[in-house]
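Student: I have not worked with this structure before, and I would like to be taken through it step by step. Could we look at it together?

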Amino acid sequence: MIRKEILNASPEQMENVSGIVTEIERYAIHDGPGIRTLLFLKGCPLRCKWCCNPETQQGYVEMIFFEEKCIKCDRCLNACPYGAIAYSDEKMVVNKSVCKKNCFGRTQHFPCTINCYTKARRVAGELITVSQAFMEISRDISFYEATGGGVTLSGGEPMMQAEFAYALLRTCKENWINTAMETSASGSLKDYKEILPYLDVLFVDLKSTNPTLYAEWTQYNGNDALAVIHELSEMAEKYITQMYIRVPVIPGFNDTQQDIREIGCFIKEKCRGFKGIELLPYHKLGRGKYKSLGLHYELNKLEPPSEEHMDEYSKILLNMGISIYKF
Ligand code: SF4
Ligand code: SF4
């Protein structure tokens, strides 16, 4: 929950609010209008099985290991003061519980990553202040002005760091920078209410209208998600925020014509203030990151939906009078 002192903070005080980001990507063109700077905030409660950014799921700074880049120089093994790294059957293994106890969540650089010259072992996440983030964002103001672009908060789920999101979006708005945020509708309504006045564009995920499936494929309650999406559409209308619904199309989860029709019906019935839908086909990018985090990827056999199917789904929604967007 965003604290009162943050809501009442002066612009100078807001500059010191800090958050954890995994990446700041410049010149992004698929996450809102124009050329944008995209910030990936760490922390997400959903853990969707198809997530392509698993390094943003945990809300803390952690160490990540890309085995294919490792040249077995043993620098990391020797640098770890806690003995967390060892060989087992010639394979380098890490005792993550030791890392969690001693390093994860701390913001200084982890000893094991400092001299890894191939960057096989690296830190995922960095604590930065609003002032530092804004300095990076403002490097591209001329591009935003020329293209109608701006800044987009992504993740992870930005609402898991609602104070940082609020302070950064407000700072950007007060400096006339266009703002957007991507959310899975898992934040608190009170926080959304504070943030929406500083948002020009809001992308909300609607994964399914079936709460049972929602619960099977994510760790979030589908009923809660649908209720929040409805409330967000009301707020978007009130605060003149352009709201787009994003539907990740995942084979076996929500990719039948009936699924898409039900999503269309829900939107028409419950989302007054929305502008249109963007359908996002499942893709395989990000699979490799699971191994680097020591996680299991469950959808290895899944293939992306064909273009024909995606066109079919777009037509179903268009026939229902729903606008389709593609950023
Ligand atoms: S320092 Fe990097 S390259 Fe060397 S063994 Fe460790 S992970 Fe591999
Ligand atoms: S994260 Fe910390 S405990 Fe884990 S291997 Fe690196 S230095 Fe050791």
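Predicted model: local features only at pLDDT ≥ 70, side-chain atom pairs only at ≥ 80, totals over all residues.

Tutor: Residues are numbered from 1 along each chain as its sequence is written, chains are lettered from A and ligands numbered from 1 in the order in which they are written, and side-chain values use heavy atoms, with hydrogens and water left out.

Student: What kind of aromatic pair do Trp50 and Phe253 form?

Tutor: Rings of Phe, Tyr and Trp (its six-membered ring) pair if their centres lie within 6.5 Å, and planes under 30 degrees apart count as stacked, over 60 as edge-to-face and the rest as tilted. For Trp50 and Phe253 the centres are 5.1 Å apart and the planes stand at 40 degrees, so the pair is tilted.

Student: How many residues apart in sequence are the parts that this pair ties together?

Tutor: Helices (H or I, at least four residues) and strands (E, at least two) are DSSP runs, numbered from the N terminus. Trp50 lies in the loop between β2 (36-41) and β3 (62-65), while Phe253 lies in the loop between β11 (242-249) and α12 (257-270). The pair therefore ties together parts whose separation in sequence is 203 residues.

Student: Is Ser208 buried or exposed?

Tutor: Ser208 is found in the loop between β10 (201-205) and α10 (211-217). Buried means under 20% relative accessible area, exposed over 50%, and partly exposed in between (1.4 Å probe, protein chains only). Because the relative accessible area of Ser208 is 5%, this residue is buried.

Student: Which residues is Ser208 in contact with, leaving aside its neighbours within four places in sequence?

Tutor: Contact means heavy atoms within 4.5 Å. With those neighbours left aside, the residues in contact with Ser208 are Leu213, Tyr214, Leu226, Phe253 and Ile263.

Student: Which of the residues around ligand 1 come nearest?

Tutor: A residue is near a molecule or strand if one of its heavy atoms lies within 4 Å of it. Of the 13 residues around ligand 1, those that come nearest are Cys70, Cys73, Asp74, Cys76 and Cys116.

Student: Which residue has Arg121 lying over its face?

Tutor: A charge sits over a ring if NZ of Lys or CZ of Arg is within 6 Å of the ring centre and within 35 degrees of the ring normal. Arg121 lies at 4.1 Å from the ring centre, over the face of Phe65.
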